[in-house]
Amino acid sequence: MNREEMIVKNFQNVQAALLAACERSKRNPNEITLLAVTKYAKDEDVLTLLQKGLIRHVGESRVQQALARWTRPDFARFDTVKHFIGHLQKNKAAKAARFFDFIDSLDDWDTALTLERALPQGKTLRALVQVKLTDKDTQSGLPLAQARELAKRLKELSRVRVCGYMAIAPQGAQTAELRRLFAQLKQAFDEDFAPGQERYLSLGMSQDFETAVEEGSSLPRIGSKLFADNLEGL
Ligand SMILES: *Cc1c(COP(=O)(O)O)cnc(C)c1O
């Protein structure tokens with residue numbers, strides 16, 4: 001298998017696993033958008049998936065690195081939806097506002113204001129509030145109650161449009177615990193973002209996206225399962 005075939009195979013495996021998770025949980029696969037996390041991926045591998053039209057939503061965790069890649073003509077010619085998924089430093093917020101379509105990791109009001117003010121005329125920036133699911137990890141994000149308050153306050157902004165929550169699973173959490181945490185966030189999400197409007201619940205990464213989709217994720221973020229070289233079974 002050459003490299004291109006391997007990357008396409010990775011994609012097909014992920015796609016099949018997503019469909020199976022939908023089937024198990026009786027969800028409509030159309031409600032789920034795959035966010036391809038390209039932060040560690042080789043350029044040629046990302047281009048393979050873009051050229052075949054397999055991915056559109058892409059996630060990067062560093063502003064500079066994202067700009068360097070996605071403004072190059074060979075990348076810029078594709079119609080992509082760009083998500084920022086890393087920790088956003090305030091001094092990079094203005095640049096991020098101009099470049100990205102989504103900020104999936106918003107966790108403070110001041111940064112949101114900086115984003116709102118930096119947006120070019122006519123541009124809407126979608127934002128998800130990052131929720132911290134555990135107080136053990138040194139993750140970014142806010143505890144659920146504070147995240148919900150921030151989401152509520154963000155609805156005052158007109159050009160930054162808050163449309164859901166993002167969370168990262170706690171290190172080493174068992175599946176049952178993970179389900180409980182995901183389900184709790186899903187419930188808050190349903191209360192705060194009514195069905196029918198544009199909304200996203202971004203849960204799940206390569207290791208836990210199947211559980212996340214079963215628990216209601218609509219925007220799983222997948223990096224290594226798509227782009228890693230030595231996956232099991234290949
Ligand atoms: C890197 C990253 C991912 C992708 O992780 P994988 O385990 O490689 O799929 C998802 N979400 C966030 C916030 C990340 O930083």
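This is a predicted model: local features need pLDDT of at least 70, side-chain atom pairs count only at pLDDT 80 or more; totals for chains, interfaces and linings use all residues.
Local features require pLDDT of at least 70 and side-chain atom pairs count only at pLDDT 80 or more, whereas totals for chains, interfaces and linings use all residues. Residues are numbered from 1 along each chain as its sequence is written, and side-chain values use heavy atoms, with hydrogens and water left out.

**Ligand site**

The ligand sits in the largest pocket (more than half of its atoms lie within 2 Å of the grid points of that pocket).

| Residue | Protein atom | Distance |
|---|---|---|
| Lys39 | N or O atom in the side chain | 2.6 Å |
| Gly223 | polar backbone atom | 2.8 Å |
| Ser224 | polar backbone atom | 2.8 Å |

The protein covers 86% of the 390 Å² of accessible area that the ligand has on its own (Shrake-Rupley method, 1.4 Å probe).

**Pockets**

A pocket is an open set of points on a 1 Å grid over the protein atoms alone, where a 1.4 Å probe fits, with protein on both sides within 12 Å along at least five of seven lines; lining residues have an atom within 4 Å of a point. Volumes are the space filled by probe spheres set on the points.

The largest pocket holds about 860 Å³ of space. Its lining has 32 residues, of which Lys39, Tyr40, Ile85, Ile168 and Met205 are the closest to its centre. By class, this lining has 13 nonpolar, 14 polar and five charged residues.

The second largest pocket holds about 230 Å³. Among its 13 lining residues, Gln15, Leu18, Ile32, Thr33 and Leu34 are the closest to its centre. Nine of the lining residues are nonpolar, three polar and one charged.

Note on methods. A polar contact is a pair of N or O atoms within 3.5 Å; within protein, one must be able to donate a hydrogen and the other to accept it, and residues adjacent in sequence count only if both atoms are side-chain atoms. Ala, Val, Leu, Ile, Met, Phe, Trp, Tyr, Cys and Pro count as nonpolar, Asp, Glu, Lys and Arg as charged, and the others, Gly among them, as polar.
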